[in-house]
Amino acid sequence: MPGKSTITVHADRDVHPSRAIAPPVYQTAAFSAEDAETFAQAAVKARGKDFYTRFGNPNHAQVAAVVAELENTEAAMVTASGMAALTTAVLALVSAGDHVIGQRSTYGGTASVLLNLLPRFGVSTTLVDQTDPVSFEKALTGRTRLILVESPSNPLLQITDLRAVAELGRTHDVLTMADNTFATPLNQRPADFGIDLVWHSATKYLNGHSDLSAGVLAGPARILDQIWNVGLLTGATLGPIDAWLLLRGMRTLPLRVPRHNVNGLALAQALDEHPAVAKVHYPGLATHPQHELAADQMGGFGGVLGIEFTGGFEMADAFLGRLRYPRRSASLGGVESLAVHPASMWRGMLSEEQIAQAVPPGLIRLAAGTEDTEDLVADALAAADAVLTEDVATSPAEKEFVR
């Protein structure tokens, strides 16, 4: 098998052959057929590339070819966002009366699907402590059809034992599905541990430039065909230009991820001993309670860390305001560093009670970009020093949130 840099440059080469070195953008809603038989076949071909762009597009197929090879799966497909990938898959794979297991520590959008959306359609859900593999088994029922995991988790960077979950799924004939957004296939490939399906918010690291919204799913072709059929109905279609930009972004993924890994670890180590910091959540730290499991499953620990401050929300927000390079933003995975207060960001997806159960109010998620390591570390330490020595003012809006 070729190396990952070679894969990102060449895996799509024969998908839609062209003499152009940079693939063309197929900015079209529909494609013509030479005869009735060809048209009829294209109309029913799953994940096609030359019938109608909601069914598939050459740019979609090129991205899918690269993702499938990077994730070491049989096939892949694209969607309009990471949430589109998740919701389309879940709606395709479960029905009223079924049961789904998820994690307590997970992205707010995923939690909202489990806690707020699926119950409306008669699907019951259970959220478990993913740091305890036995908790997944205890949550199993005779109607469990799907286990959703995320490792490392957003934003607490907790690790799920992917081998244990995959084995549990195989034993009980339950599909397993992993969010690999934080790790990327450069640091971790869930399918190698037996996980059935992998999904990403490709908006993040796969694209790497904060200029599009996209999602991807990777796994067995027969399962993706089932999901694709539901995707036709939900219309979660990625535009051709966005697919082209995603493909271009993935070309440099093996160049970017190592720098993210270096910067994430350097920031975690620098802040871990700072007196303003109560706790750093980062699996690359030897003090992380699941560091050994993370080291076993991952080739690198990524660029995202969670930082809890001794002064709670007020100090965390003051830290955000004093950072020079990371900007306050809801996203991550781009070449630029970004930081956000998750408990504030998730208020549109979860209730206050649900947020309180999922994330500490004084936690900041810092996503290291590809800037020079020394600059990011000096900036973070200066901001942490400042919140220790300066009065931390609390605005009326902040007081209302804390209350």
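**Close-up views of a predicted model**

**View A. Helices α13 and α16 are oblique to each other.** In this predicted model, the two helices, α13 (residues 312-322) and α16 (residues 373-389), pack with their axes 9 Å apart and at an angle of about 135 degrees. On the α13 side the contact is formed by M315, A318, F319 and R322, which meet D379, A380, A383, A384, A386 and V387 of α16. Sorted by class, the contact of α13 with α16 holds eight nonpolar and two charged residues, and no polar ones.

**View B. Helices α10 and α11 pack at an angle of about 60 degrees.** Helix α10 spans residues 240-251 and helix α11 spans residues 253-272, and their axes lie 5 Å apart. The angle between α10 and α11 is such that this pair, too, is therefore oblique. The residues that make the contact are G249, M250 and R251 from α10, together with L253, P254 and R256 from α11. By class, the contact of α10 with α11 consists of three nonpolar residues, one polar residue and two charged residues.

**View C. Helices α4 and α5 cross at roughly 35 degrees.** The axes of α4 (residues 82-93) and α5 (residues 108-117) come within 10 Å of each other, and the crossing of α4 and α5 is right-handed. From α4, the residues M83, L86 and T87 meet G109, T110, V113 and L117 in α5. The contact of α4 with α5 divides into four nonpolar and three polar residues, with no charged residue taking part.

**View D. The largest pocket is lined by 25 residues.** The space in this pocket amounts to about 400 Å³. Of the lining residues, R47, G48, H60, A76 and M77 lie nearest the centre of the pocket. Two or more lining residues are given by each of the elements α3 (58-71), β1 (75-79) and α9 (221-234), and it is strand β1 that supplies the largest share, with five residues. In terms of class, the lining of the largest pocket is made up of 13 nonpolar, eight polar and four charged residues.

**View F. T184 has a positive phi.** For T184, a residue other than glycine, phi is near 65 degrees. T184 belongs to helix α8, which covers residues 184-187.

Definitions and conventions
Residues numbered from 1 in each chain as written. Predicted model: local features only at pLDDT ≥ 70, side-chain atom pairs only at ≥ 80, totals over all residues. Heavy atoms only, no water. 1 Å grid on protein atoms, 1.4 Å probe; cavity = no way out; pocket = protein on both sides within 12 Å on 5 of 7 lines; lining within 4 Å. Points joined across faces, edges and corners; volume = space filled by probe spheres on them. Helix = DSSP H or I, 4+ residues; strand = E, 2+ residues; numbered from the N terminus. Nonpolar A, V, L, I, M, F, W, Y, C, P; charged D, E, K, R; others polar. Axes fitted to C-alpha atoms, helices over the stretch in contact; angles between N-to-C directions. Parallel < 35°, antiparallel > 145°, perpendicular 65-115°, else oblique. Contact = heavy atoms within 4.5 Å. Left-handed = near helix turned anticlockwise from the far one by under 90°.
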